[in-house]
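I would like to walk you through one model, so please keep the sequence and the coordinates in view while I talk.

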Amino acid sequence: MQLLHYMDPELAAAIEGEKARQNLTIELIASENFVPEVILEAQGSVLTNKYAEGYPGKRYHGGCRFVDVVESLAIERAKALFGAEHANVQPHSGVNANLAVFLAVLNPGDTILGMDLRHGGHLSHGSKANISGKFFVTEGYGVNRETGCLDYDEVADIARRVRPRLLIAGASAYPRTLDFPRLAAVAREVGAYFLVDMAHIAGLVAAGVHPSPVPHADFVTFTTTKTLRGARGGVILCRKEFAAAVDKAIFPGIQGGPIPQIMAGKALTFKLAATEAFREYARRVTACAAALAQRLQERGFALVSGGTDNHLFLVDLRNTSLTGREAEMRLEKVGITVNMNLIPFDPRKPTETSGIRVGTAGVASRGFSVADVEIVGDIMARMLAPEEPGEDEQARLREQVLELCLAHPLYMSRSELAASPFLGTDILGIGGKSA
């Protein structure tokens, strides 16, 4: 960072501020995580300089010998990790991965059936605000009002009625295990292709903590961030029969050249995810999620579906006086970051919501234990109490958060973190540690 500090001190200060924020706050946003430093190294490499339209051995630019090695490593490692017949590692994002599948097997105006965004689905599964909802006829399925869980019989009934060309499974805010064989059977019954977007659970699948969709789906898309704890980008897995169509849909269909340094990060992500250390991490993710969920329930908070099977859960705030936005803002005052989130059948607008989404992938990466997240749950419960704590109590709660953060530093030693100029300031917008 020394050269950057010299060349652009304003930009350097913003990056250092974000580094401090990540170190000095507890990140509970379910879609966020912290990558190993070696992935930062791969993503900041000289591969940034190379353009490489096409695929290994079939490029439209010269000088791609080593990029071919990088991409081939990523492809073969992805296939091995997930037991897939084909992998495309070029998508710039999970949304691009989904769009490429659509382009590969659908025509504009075809019907797709995916989980309703308001029930925990994803924007790219047919939301009217997204390109997926503008080019295709979209239908949605949701959870049971009483249980908060997917009603597979209802999914089948809707599929028989609307006859989708593509059935999509996967979610951004669903806390329960997905029954892939059952959904695959629904797709086969109505003659639909079956796509699973496992962006949130890919790391859990890789570690064997969640059942794999790969044996059951025609296509599986995911991001290498979130629980996979890796480079930022998307991947498509598919059966061999769809390989050519998928590759053509990515390039030249919706993208130009890939991002070589990100493909390097993906290759490394897959190598790390195949280790026992990663499997232990994934087990800790789910253990921490279950413990934090239970702690909040013990403190009187309602959870959608009553708990969690994976890395996240939704807190239903309708039995409190708080909106999701208000809860998010309260927690941020003591250095805990969550995101407001719609709950199924939410009476409030997406800009305020009746819930918050909580995930433990990030804190598990930092090394938080079950005991640590139980402390976090107590802090959260106090901050979300009917009467907001006063300034003195908030300061004490902030001290507890800082102690947990100092015990589990990111990209810095504990001594470096303790000496950070950000520690005793209000630059993070949440109050500094008392001198």
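Let me begin with a question: with which residue does Arg182 form a salt bridge, and how far apart are the closest N and O atoms? The partner is Asp153, and the closest N and O atoms are 3.0 Å apart, where a salt bridge is a side-chain nitrogen of Lys or Arg within 4 Å of a carboxyl oxygen of Asp or Glu. The pair links distant parts of the chain, since Arg182 sits in helix α8 (residues 180-190) and Asp153 in helix α7 (residues 152-162), 29 residues apart.

Before going further, a word on provenance: this is a predicted model, in which local features need pLDDT of at least 70 and side-chain atom pairs count only at pLDDT 80 or more, while totals for chains, interfaces and linings use all residues. Residues are numbered from 1 along each chain as its sequence is written, and side-chain values use heavy atoms, with hydrogens and water left out. Helices (H or I, at least four residues) and strands (E, at least two) are DSSP runs, numbered from the N terminus.

By the salt-bridge rule the count comes to 19. Another of them joins Asp378 to Arg299, with the closest N and O atoms 3.1 Å apart, and this pair too links distant parts of the chain, from helix α15 (residues 370-383) to the loop between α12 (276-298) and β11 (302-303), 79 residues apart. Arg21 and Glu18, by contrast, both lie in helix α2 (residues 9-24), three residues apart, about one turn of the helix, and their side chains meet at 2.8 Å, N to O.

Now to Asp218, which lies in the loop between α9 (202-206) and β9 (219-223). Asp218 counts as buried because its relative accessible area is 16%, buried being under 20%, exposed over 50% and partly exposed in between (1.4 Å probe, protein chains only). The side chain of Asp218 reaches the backbone nitrogen of Phe194 at 2.8 Å, and its contacts (heavy atoms within 4.5 Å), not counting residues up to four places away in sequence, include Leu237 and Cys238. Cys238 is itself buried, at 5%, whereas Cys149 is partly exposed, at 24%.

Finally, Ala78 in helix α4 (residues 65-82) is buried at 0% relative accessibility.

Methods
Polar contact = N/O pair within 3.5 Å; in protein donor to acceptor, adjacent residues only side chain to side chain.
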